[in-house]
Amino acid sequence: MQFHINPAFSELGMALHLGALDYQVAVGPSPDQLVDSMTEAASLRQQELMGEAASSDPVIAAMRAAFKATGKDPSRYRPSSEALTRRVLAGKGLYQINNVVDSGNLVSLMTGIPVGCYDAAWIKGDITFRVGTPGETYDGIGRGGINLEGLPVLADADGPFGSPFSDSDRTGVSENTTDLVFVLFGLNIDVAHVEAAAEIADALITQYCGAE
């Protein structure tokens, strides 16, 4: 499996640093220590923003600008990191899904960078990062059909399967997942911040997801 970036992104005048990590994992419920870390991160995020909107975070603001550049209204299609932060600021806490997805959500909340967790068994051929075209859709996890036109998307031989807005059901992580592809969407974000987020992701997945 190879990772390709469509040359059209070079014309948008913004930095593009994607992180792609792959692991063998054991998917299951999140251990108490991970759940405690999620609770602590939510509290810290509330303190950091101190009543400000999620969009005031510089990394989230940069992602919103990236969505505008690719042709999507970020007030209607929010970066997933913004959606998580808004949820936390509303006092709802992070979702608890499984150890892999929870680790990804924790990375996203801590860093402001959208991430994607994908079951490699359902990815067909090489992966290309590009902008969604007119008429492209997929069923988002818990969202139903999503209009992908103008969204940055990951696509394989069967079409788009992921984005920094919401990922598809097709490649979603389940209890049967053993091979994980973890992507950090560093659009309009400094490479050092993406690298730091990748280190956090590696630590969490290695510690809590039985990763190899």
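**Entry 1. Conventions.** I note that residues are numbered from 1 along each chain as its sequence is written. In this predicted model, local features need pLDDT of at least 70, side-chain atom pairs count only at pLDDT 80 or more, and totals for chains, interfaces and linings use all residues, while side-chain values use heavy atoms, with hydrogens and water left out.

**Entry 2. H4 and H5.** I looked up helix H4 (residues 99-111) and helix H5 (residues 191-208), which pack at an angle of about 150° with their axes 10 Å apart. Helices here are DSSP runs of H or I of at least four residues, numbered from the N terminus. Axes are lines fitted to C-alpha atoms over the stretch in contact, and angles run from 0 to 180 degrees between N-to-C directions. H4 and H5 are therefore roughly antiparallel (an angle over 145 degrees). I found Asn99, Ser103 and Leu106 among the H4 residues that meet H5, whose own residues include His193, Ala197 and Tyr208; contact means heavy atoms within 4.5 Å.

**Entry 3. H1 and H3.** I then turned to helix H1 (residues 32-49), which packs with H3 at an angle of about 90°, the axes lying 9 Å apart. That makes H1 roughly perpendicular to H3 (65 to 115 degrees). In H1, Ala42, Arg45, Gln46 and Leu49 meet Thr85, Val88 and Leu89 of H3.

Key
Helices (H or I, at least four residues) and strands (E, at least two) are DSSP runs, numbered from the N terminus. Angles under 35 degrees count as roughly parallel, over 145 as roughly antiparallel, 65 to 115 as roughly perpendicular and the rest as oblique.
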